[in-house]
Amino acid sequence: MTELLDRRLIFITGKGGVGKSTVAIALGLVAARRGLRTIVAELHSQERVQGTFAQHGARFRELELVPGLFSISIDAERAMEEYLRVKAGAVGRAVGASRVFHAFALATPGMRELLSMGKVWELAQLHRRTRGAAPYDVVIVDAPATGHGVGMLRTPKTFAEIARVGPIAQQGRQIAAMIYDRDRTAVVAVATPEEIPVSETLSLRESLEHEHLALDLVIANAVYPTRFESDQVGVLERALARSEEPLARSALRAALSEHARTQTQRAQLDRLRIGLNLDGGVIELPFLFAETLDRAELERLADLLEVQL
Amino acid sequence: MSVTQLLAGKRVCICGGSGGVGKTTISAAVALGAAAEGAKVAVVTIDPARRLANALGLLVLDNEPRRVDPGALAVNGTGVRGELWAMMLDSKRTFDELIDRVAPTASRAREIKANRVYRELSTAVSGSQEFTAIAKLYELEQERDFDLLVLDTPPSRNALDFLYAPRRLAAFLEGRAMKTLLRPTGLGVRAVGRGTAPLLGGLRRITGVDLLADLSTFFGLLGGMTESFALRAAKVQKMLTAPTTGFLLVTSAQREPIDEAIWLRRTLARIGVPFAGVVVNRVHHDMLSGREPSQLAAPLAEEIGPALTRAVAQNFHDYHVLARRDQGNIARLRHALGGHSLLLVPYLDDDVHDLEGLWRVHRYLFSPEQERERLIAEVVA
C-alpha cells in the first residue's frame, strides 16, 4: 500500500465531535515537517481550522498557518463563482451573476457537494487552474460527518452518471477518477472510543467497500490514559468508604469515575480493532487535558502521529 | 426552570445542536420525563446507540412510533403516568411515503420513485435526512394525537443545516427556480436545445444538456404536485414557527459546540423558530470549591500509599483543567443568552445507553431548581 502521506488527497471523516479538525491539522503538521507543501481544506466554512491559529477572516483564501502548511475554508457559492470564472469566461461571469442561476444551481441537490469537491480536486492538481496558484503535495480534507462523508465522496460519480454528457459529467468523471484511485487518494476515519463513533466507523468501512473505496487508516482520538489498575479499584473504594474528608472523597470519586470511563473506552477500542481487523491497525491519540487546544498541543499530537504513521 | 417549565404549552420539541453532544440521549430523556408527568409522548430518534435502541424497544423498524413497554420503563420504582412512544427515522421510506401521499395516482408515484433524479435526491444527497425528519414530524403532528413530539435532529457537522437543508430541498421540489428557467413548463428540453435565451445557452454549456433533461423529466413527473409541495412547505414552516413549538438547544461545554450554540440561538431568533432553552450536557463541575489538590496528599497517602495518591491527585488535577474550561465556556454562553437559565447535566461515569441511564439524566432536566442544585452538589462533594 502506498504510504499515507504519499497520497495527494486525504479525506478525514468521522462522527461529529470526535476531533476531525484537530486530527486534520495534526496530520498537516506532520506532512509539513516532512517538507511537503500541504493544505488542510475545511468543507462547510466554519473557520475552525484557521481559528486555532488565531488568524481570522480568511475564508475562501489559501492561508499559510505555519511554513509549508496552509488552510482554506471551502464554501459552495465561492467555489461556483470561481469555477464559472475559470471555465466559462465571459459567459460564466454572466451566468454567475444571474440570481436565477444561483438559485437553480445551489438548490439542485448535491450541487453544493459537487462544487466543494471540485474545489478540493482543483487544489490537488499539479497545474492549478486558479491563476498563479502553486501546487500542493498533499491536500487534507476535513470532511463532513461520517454518514454524509461517503455521500460526498460519491457525489462526483453520481453527477457523472446523472448528467452523462457535458461539462458536469466530464468534470464529475475526472474528480471521481482521482477519488477512486488508491495511489492518489486515502480515506482516514477518526473515532473516539465510544459506542456510536465505533459503530459508525465500522459501518463506514462497509459503505466504503460497497462503493469500491477503502478505509486506509483509523485514528482513535481522545483516548484516556490508564491511571489505575483493576486491582487498585478495591483500595480506592475502601478508602472512599472510610474517608470523611470532603476533598479526599471528591478526588477518590473522580478517580473511580475515571477508571470506569477508561474501562469503557478500552472495551470500545477492542471492539474497533476486532471489527476492523486492519493491516495498519488503529493509531491512538491521547485525550488532551487542556483548556484550549493551542499550537503546542497540536504539535504534540503531530509528534505522536509521526511516530505511529 | 426545569424542562417541565421550558416546554409548558409546547406540542413539538426539537432537540438540536452540534454533532457528538448527546442529542439522542437528551431527546430520549426529555420524552421520558414528559411521559413520566402524564403526557402521551413520541420521540423520533435518528440513529441511537444499539443498546439505547434496544432499551426503547426499537426493534420493529416500520417508520412508525411504537409504544415503549411501560413495565420496562419502570426502574427502581419510578414509572411513567403517561405513555412513551419511540421510533427511528427511516429517511428513504419517509421520502417514498411522502411521494405516495402527494402523487395523484399510484402509477405516478411509482414512476417518480423509479426516476434517477429522485433516487439520488432521496438517498445520497445530504439534506434528505433533515428534510424527511421534518416531514415525519409534520405528519405526526397532523395525524396523531400525541401531547408532545420530541425530535432528535440528524447528526450533521453544522447544526444550522437542520434549519436550512429542508428549506433548500423544499424549494427545489417546488421547482421555483426550474420553472423560471424552463418556462414554458414541460418544454424545458426544447427550450434548452434551441438555446434561445443567452442564459439557457450558458447553462447548457456549463451543466450539460442531459442533466437539465433529467431534471426536466423529473419535474414533468412532479407536474401539479409541486404546488402540493409548496403548500406543505408553508404548513411545515407554520408548524416550526408556531408558539407550540420549542427548539431545545443541546450542547456540551467545549468551545466549538458552545460557539455554535450561541450562533444557533441568534439564527433561531432571526428565522422565527421559538427557542425553549439550553441543555449543557457532560459538564465537568468544579469539585474543589476553592481548595487546592495539593491539600489532598497527606491524609490520603496514609490510606492508600504515596504512588496511588500521586495518580489520584494527578487525575483530580486533570479533571479540574476540564472543569475550568467548562465553567469558562458556560459563563460565555450564559452571557450571550442573557438571563436564560441553563440546565446542566454532569459528565456521568459512562455513556448513557439504557433506561436506568435515561432516568439518571432525567433528574437533571426535570427536577425543580433546588433539587437539581442538591443533585449537582452531590456530584461535587
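This is a predicted model: local features need pLDDT of at least 70, side-chain atom pairs count only at pLDDT 80 or more; totals for chains, interfaces and linings use all residues.
Let me begin with a pair of helices in chain A: helix 8 (residues 195–210) and helix 10 (residues 246–276) pack at an angle of about 5°, with their axes 10 Å apart. Axes here are lines fitted to C-alpha atoms, for helices over the stretch in contact, and angles run from 0 to 180 degrees between N-to-C directions. That angle makes helix 8 of chain A roughly parallel to helix 10 of chain A, where angles under 35 degrees count as roughly parallel, over 145 as roughly antiparallel, 65 to 115 as roughly perpendicular and the rest as oblique. On the helix 8 side of chain A the contact is made by Glu195(A), Val198(A), Thr201(A), Leu202(A) and Arg205(A), and on the helix 10 side by Gln268(A), Arg271(A), Leu272(A), Gly275(A) and Leu276(A); two residues are in contact if their C-beta atoms, placed from the backbone, lie within 7 Å. Sorted by class, this contact of helix 8 with helix 10 of chain A has 4 nonpolar, 3 polar and 3 charged residues, with Ala, Val, Leu, Ile, Met, Phe, Trp, Tyr, Cys and Pro counted as nonpolar, Asp, Glu, Lys and Arg as charged, and the others, Gly among them, as polar.

Residues are numbered from 1 along each chain as its sequence is written, and chains are lettered from A and ligands numbered from 1 in the order in which they are written.

Chain A has 11 helices and 8 strands, and chain B comes to 19 helices and 8 strands; helices (H or I, at least four residues) and strands (E, at least two) are DSSP runs, numbered from the N terminus. Of the 309 residues in chain A, 48% are buried, and of the 381 residues in chain B, 47% are buried. A residue is buried if 20 or more other C-beta atoms lie within 10 Å of its own, exposed if 12 or fewer, and partly exposed in between, with C-beta atoms placed from the backbone. Among contacts with a separation of 6 or more, residues 24 or more positions apart account for 69% in chain A and for 76% in chain B.

Turning to chain B, which of its helices is largely enclosed by the rest of the structure? That is helix 2 of chain B, since 14 of its 14 residues are buried. Helix 2 (residues 23–36) of chain B reaches 20 Å from its first C-alpha to its last, close to the 20 Å expected at 1.5 Å a residue, the expected span being 1.5 Å times one less than the number of residues. Helix 2 of chain B is followed by Gly38(B), whose phi is positive, near 115°.

Helix 9 (residues 161–174) of chain B also has 14 residues, which should span 20 Å, and its end C-alpha atoms are 19 Å apart, which agrees. Helix 9 of chain B is mostly covered, with 10 of its 14 residues buried, including Phe162(B), Leu163(B), Leu169(B), Phe172(B) and Leu173(B).

Helix 14 of chain B has buried residues Met225(B), Arg232(B), Ala233(B), Val236(B) and Leu240(B). They cover an arc of only 105° around the axis, which puts them on the same side of helix 14 of chain B; the arc is that of the directions from the helix axis to the C-beta atoms. On the other side of helix 14 of chain B, Leu231(B), Ala234(B) and Lys238(B) are exposed.

Finally, some individual residues. His212(A), in the loop between helix 8 and strand 7 (217–223) of chain A, has a positive phi near 60° although a residue other than glycine, and with 9 C-beta neighbours inside 10 Å it counts as exposed. Asn63(B), in the loop between helix 3 (50–55) and strand 3 (66–67) of chain B, has a positive phi of about 65°, and with 18 C-beta neighbours inside 10 Å Asn63(B) counts as partly exposed.

Val280(B), in strand 7 (residues 275–283) of chain B, is buried, with 25 other C-beta atoms within 10 Å. Not counting residues up to four places away in sequence, Val280(B) touches Thr251(B), Ala253(B), Ile330(B), Leu342(B), Leu344(B) and Val345(B).
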